[in-house]
Amino acid sequence: MAVKLGEMLIKSGLLTPQKLQEALEYQKTNGGKLGLNLVKLGFVKEEDITRVLSQQYGVPAINLSKVEIDDAVVKLIPSEVAQKYLIMPVSRTGATLTIAMVDPTNVFAMDDIKFMTGYNVEPVVASEVAIKEAIDRYYGSIHALELKKVMDEMAQEETDQNLELLEDEQEVDLAKLEAATEEAPVVRLVNLILTDSIKRGASDIHIEPYEKDFRVRFRIDGVLYEIMQPPMKLRDAMTSRLKIMAKLDISEKRLPQDGRIKIKIKLQGKNREMDYRVSVLPTLFGEKIVLRLLDKENLMLDMTRLGFEQESLTKFEKAIIKPYGMVLVTGPTGSGKTNTLYSSISRVNTPETNIMTAEDPVEFNLHGINQVQMKEQIGLNFAAALRSFLRQDPNIILVGEIRDFETAEIAVKAALTGHLVLSTLHTNDAPSTVNRLMNMGIEPYLVATSVHMICAQRLVRRLCKECKEEVSMPTQALIDIGYSPEEAPKVKLYKGKGCTVCNNTGYKGRVGLYEVMDITDGMREMILTGASSIELKNKAIEEGMITLRGSGLRKIRAGQTTVEEVVRETVL
């Protein structure tokens, strides 16, 4: 069909013989179908190919991206068959099934489908790219199909080779266990879980053993989704395989362990280097493994795109270009603090500046920044690293987290002796951070003079642009969540109805909510007189601080997120 297609396009005046020859040469080197390569090279448009095929075969053309296909129709043809023949079921009318095909002359495909479904087959023409996208959308990613295939293969395996859990942990035969991890199905399954997590845009992978089952979950946009339940007999082999990849001790099953997996994979024609931070924790029924994906491509170092309101961003940028003082970023685990800190130091990373970071763990390697990994077991903690940093002539110091009095004390001293110190704390909002430092044992006068800025943050799911639609809500409900009586009636609300782009969740990606509290002279006086966090909050709002809830309300008004997301993450 390849040469036929080329001839048809030349006859239609859409392609020159030279370009056809060029495309055929490209095809020899890179593989793939001719139509796909012609589109890739930019020689013809997808719709031109569809139109020519439609005219040639006297079969109607279809634009699959504009058609919503019923689930009941999709289920009529198994995913493996759709993949094999590159076809997509479109609709069913009575005893006739309409099918989108790249090659409507493929009688074998039509006979197979007729025999399989019992329906008459009516072909329509669609491009290869459109059909592949539709298969991906309706049947799940190619990776998901491969996962299912691997799972089916494993389910058919009768023998359980060396994978039984031994009652006495001292008797584990390491040689057998290592051999089991190298068996093809285990290696393939683990590899597919790792690559599928990237394809789905997951931030974490949870591999969890229970008494009678074993499951894999992905965290996507902050929410966990169950992906699969591998056979119980693979529990130990999968755990050991991941521990070997992360260079951990597979014989140690009683203590938690941490490691890292680095892989290079080819996805969508691009080579990508991926890091997975691995945490192994012994639970009642085996070891639970959580892998955090550290994808440099998802690291957003442009501060203007994180979600800051313009006035908050201006305040924050002023604080990080000061020559000394402390800037604290606060919020729970997984609220994007690391991204904000990395964005901050990227903003001030110049050849004249010596930036040193103490992190546990170092999540991303940044050029031009001296990053130090903490190793508690040999005594290299935040406090020890900070002491050494002060002898390394730094301009800017980033401390991964202030956990104790010793770290807090050295960080405060560094901020008071001409260094800019950036760090994180686990507190609910910006004003309560001041009291948290005092509770750690730092004197009020040291807090008042060293801290210049506190930024609290949360992450909320962003509405899917493809399927968001306007919805209504009672005005009183909007007043109850924080809008003024004048503003509430004017607010337009949106909700995602769910589509294939967002996996029917209505959300795609996340956006930050920020509460930026500038420590002004008025605030310093209040800190010195022992003001409570509520008094500090009222003073900050009076001076123009946008609270986390206020930031959320602005994001709702801008159509970026929903009321439910903001209410879930913030309080009035």
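Predicted model: local features only at pLDDT ≥ 70, side-chain atom pairs only at ≥ 80, totals over all residues.
User: What volume does the second largest pocket have?

Analyst: A pocket here is an open set of points on a 1 Å grid over the protein atoms alone, where a 1.4 Å probe fits, with protein on both sides within 12 Å along at least five of seven lines. Grid points are joined across faces, edges and corners, and the volume is the space filled by probe spheres set on the points. For the second largest pocket that comes to about 500 Å³.

User: Which residues are closest to the centre of the second largest pocket?

Analyst: Its lining has 18 residues (an atom within 4 Å of a point). The elements giving two or more residues to that lining are β7 (257-267), β8 (270-283) and β9 (286-294), with strands taken as DSSP E runs of at least two residues and helices as H or I runs of at least four, numbered from the N terminus. Closest to the centre are Asp-258, Gly-259, Arg-277, Asp-360 and Pro-361.

User: Which peptide bond is cis?

Analyst: Pro-361 sits in the loop between β11 and β12. Most peptide bonds are trans. The cis one, with omega near 0 degrees, runs from Asp-360 to Pro-361.

User: How many disulfides does the structure hold?

Analyst: A disulfide needs two cysteine sulfur atoms within 2.5 Å. The sulfur of Cys-464 has its closest cysteine sulfur in Cys-499, at 3.8 Å, so that's too far for a bond. Cys-502 also has Cys-499 as its closest partner, with the sulfurs 3.8 Å apart, again too far. The disulfide count is 0.

User: Why does the pair Phe-308 and Tyr-514 count as stacked?

Analyst: Rings of Phe, Tyr and Trp (its six-membered ring) pair if their centres lie within 6.5 Å; planes under 30 degrees apart are stacked, over 60 edge-to-face, and the rest tilted. Phe-308 is in the loop between β9 and α13 (310-320), 206 residues away from Tyr-514 in strand β18 (507-518). The pair is stacked because the centres are 3.8 Å apart and the planes meet at 20 degrees.

User: Which ring has Lys-468 over its face?

Analyst: A charge counts as over a ring if NZ of Lys or CZ of Arg is within 6 Å of the ring centre and within 35 degrees of the ring normal. Lys-468 lies at 4.9 Å from the ring centre of Tyr-494.

User: What phi does Asp-393 have?

Analyst: Most residues other than glycine have a negative phi. Asp-393 is in the loop between α15 (382-389) and β13 (396-399), and is exposed at 61% relative accessibility. Its phi is positive, near 50 degrees.

How values were computed
Residues numbered from 1 in each chain as written. Heavy atoms only, no water. Buried < 20%, exposed > 50% of the residue type's maximum accessible area, 1.4 Å probe, protein only.
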